[in-house]
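Morning, everyone. Here is the model I want to walk through today. Sequence and structure are coming up now.

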Amino acid sequence: MNAGRQEFQDCLIDGGRLLIAADFDQQDEFLELGSDRSRLRSPGHQAVIEAASTNEVAAIVRLALQNNQPLRIAGGRTGLVGGAIAGQDEIVVSLKRMDHILGYDSNLNALELEAGVITAHAETRARELGMRFPIDLAASGSSQVGGNIATHAGGNRVVYNGLLRHYIVGLTVVTGTGEILELNETVLKNNTGYPLLQLFIGSEGTLGVITKARIRLTPGPRDLKTALFALNHPQAAFDVLHLFENAGVPLQAFEFFDELACQLVCSHLSIKPPFVLHQGAAADQSQPAGAYVLVEWDGAEVHSDQMMSVFEQIEASFPGLPGRLADNSRDRADLWRYRESISESISMEFLAAKNDISIPLDMIPEFIANLGNWVAAIVQQTKSVDDTDLDMPDLQATVIGHLADGTLHINLLGPAVRSQPDQNRIIAFQQAAKSINEKVYNYIYRNGGSISAEHGIGILKREALMQFHDAATMQYMRAIKQVFDPGGILNPGVLFVEASADERAP
Ligand SMILES: Cc1cc2nc3c(=O)[nH]c(=O)nc-3n(C[C@H](O)[C@H](O)[C@H](O)COP(=O)(O)OP(=O)(O)OC[C@H]3O[C@@H](n4cnc5c(N)ncnc54)[C@H](O)[C@@H]3O)c2cc1C
């Protein structure tokens, strides 16, 4: 620590606490506090400070700036791009103790929350008020509202609600100089200069620590319906999407996953596939479904005849392909399990490389076909090399996503974890994944889209970011970073290629 432990301890005037490795019996527990779900690198933090108030965060940041001490901001640590992984000698600033729901602003229909509130707890409070929190994601049980704002998280409600940034009407932020900015709106319309509040949304902790937020709620569906359809080809997902859209059904969710993802979940959870497949159907045992879509809508917003007509058209367009409808919470949870357990099933069973991108909707079928070809080419190519360590016979790709808004989560799967792959195989897999990701990015540069639809840049995509934006855009981004964090002490290495200790000096 560049400043003494006692000096940091003295900042904790409201009940926050400072932890070091010696406070833990299990070192893994300490290391875990400086890591995230990406596991992109090993954490190297010296201490963890669990701040209890905005004033504490401000005092810590001021002391850190005076001592050129890099800080790593930790929310729920569910991030997938390494943004919350602490670098060497950093101090982790955790928001987990700032988990209070402070109130409800009835004028703006907004919850007032500390940044460390778990996303699912915000949803529970919203439901008590007869509303919904505007976002929901498979990580909601662990992610924090501050982390959601810092990453500008998407999730499965974007198709109905739109983006999270439209619901945020207030933020309290501690900048990299330790100043506290109160960026709070009391009214919806306010055109008074640069909208600084918006700048912090999606800034991935590089400009300031978000300590509080005011977020508007949405009305909940009155009669939520959920259906899962098996399809013979990813393209068919778009046909189903268009049938719903053409019938004027406002979608609450439209989630896509491929057959491989479904099989992985069934095998990991030891559960049956969603459908009893029968001989002669396009999705029979010997010819599994090519894809699935999970669709939600509010029965109160749609006439039952309208829905009947959509179902008839789906049946006519895809004869023999099964579907399941859920209209109670238990059946709904059963269907969502196939979608929401994909990430966990993959992480537990395989070496995996995750990517999250968005592509213009009409390019998605072509993109998915190309991805299959790129993977097949690598498998073929590695077979022809003499060194068997480089063979990638087990390389596979699975695609899932919030399809209606163009988001695709690509998972490249390597050797099974239980095969205990040695270092050579791990490196061979990483090289194969890198080569495919380059093809993915080139496709996006040529055809439009985004190299990060939801998860952000973190440390994973900072090189790709420099290719994605032109030099002038990157220069303005760096200039903005310099204004809010002149010492470069907040989340070094996120968004921008790592600054050295010398560059960080004020
Ligand atoms: C199973 C699973 C499913 C997921 N599904 C989705 C999905 O559908 N959509 C999606 O967008 N993401 C998804 N994610 C990714 C992740 O959950 C989101 O990025 C989430 O918003 C991260 O929140 P967190 O609190 O865990 O943040 P963390 O992982 O702790 O941090 C993420 C970044 O934000 C910074 N940060 C955290 N808190 C603050 C704060 N208070 N102030 C300033 N900076 C802060 C961190 O330093 C880091 O750079 C998923 C992850 C998993 C594991």
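Start with burial. Of the 506 residues in the chain, 44% are buried; buried here means 20 or more other C-beta atoms within 10 Å of the residue's own, with C-beta atoms placed from the backbone.

This is a predicted model: local features need pLDDT of at least 70, side-chain atom pairs count only at pLDDT 80 or more, and totals for chains, interfaces and linings use all residues. Residues are numbered from 1 along each chain as its sequence is written.

Confidence next. The average pLDDT is 91, and 94% of the residues score at least 70; pLDDT is the predictor's confidence in each residue, from 0 to 100. One stretch to flag: residues 500-506 have pLDDT below 50. Where pLDDT is low, the predicted coordinates should not be read in detail.

Now overall form. The radius of gyration, taken over C-alpha atoms, is 24 Å; that agrees with a compact globule of 506 residues, which would have one near 23 Å. The globule rule is 2.2 Å times the number of residues to the power 0.38. There are 17 helices and 18 strands, as DSSP runs: helices are H or I, at least four residues, and strands are E, at least two, numbered from the N terminus.

Definitions and conventions: Contact = placed C-beta atoms within 7 Å. Buried ≥ 20, exposed ≤ 12 C-beta atoms within 10 Å, placed from the backbone.
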